[in-house]
Amino acid sequence: MSEEEFHAEKMYLLCLGTAKTMLEKGVVSEEEFTKIDTMLLEKYKPTLSTLLSGKPLI
């Protein structure tokens with residue numbers, strides 16, 4: 001994985017984590033969270049996280 005790809009993964013996961021916290025606290029709705037996730041995927045184009053997007057890890 002290149003430094004650029006690593007940075008994209010890191011930024012996507014950092015921003016998604018913030019959005020998830022906002023969802024859990026009721027600041028954003030599930031629909032808004034999905035839109036945020038889509039926007040972040042388009043912006044950062046993460047390689048690995050795209051495979052897991054929208055899927056629970058457990």
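Hi everyone! Accessible areas here come from the Shrake-Rupley method with a 1.4 Å probe, and for residues, only the protein chains shown count as cover. With that method, the accessible surface of our protein chain comes to about 4600 Å², and 64% of that belongs to carbon and sulfur atoms.

A word on where this comes from. We have a predicted model, where local features need pLDDT of at least 70, side-chain atom pairs count only at pLDDT 80 or more, and totals for chains, interfaces and linings use all residues. Residues are numbered from 1 along each chain as its sequence is written, and side-chain values use heavy atoms, with hydrogens and water left out.

Now the layout. The chain has 3 helices and 0 strands (DSSP runs numbered from the N terminus: H or I of at least four residues for helices, E of at least two for strands). Of its 58 residues, 21% are buried, meaning under 20% relative accessible area, while exposed means over 50% and partly exposed is in between (1.4 Å probe, protein chains only).

Let's look at helix H2, residues 30-44. Which of its residues are buried? They are Phe33, Asp37, Leu40 and Tyr44. Seen down the axis of H2, these fall within an arc of 65° (taken from the directions from the helix axis to the C-beta atoms), so they line one face of the helix. In general, an α-helix has 3.6 residues a turn, so residues three or four places apart point the same way.

What covers that buried set? The cover includes helix H1 (3-24). On the other side of H2, Glu31, Met39 and Glu42 are exposed. Finally, just after H2, Lys45 takes a positive phi of about 45°.

Methods
Expected span 1.5 Å × (residues − 1). Contact = heavy atoms within 4.5 Å.
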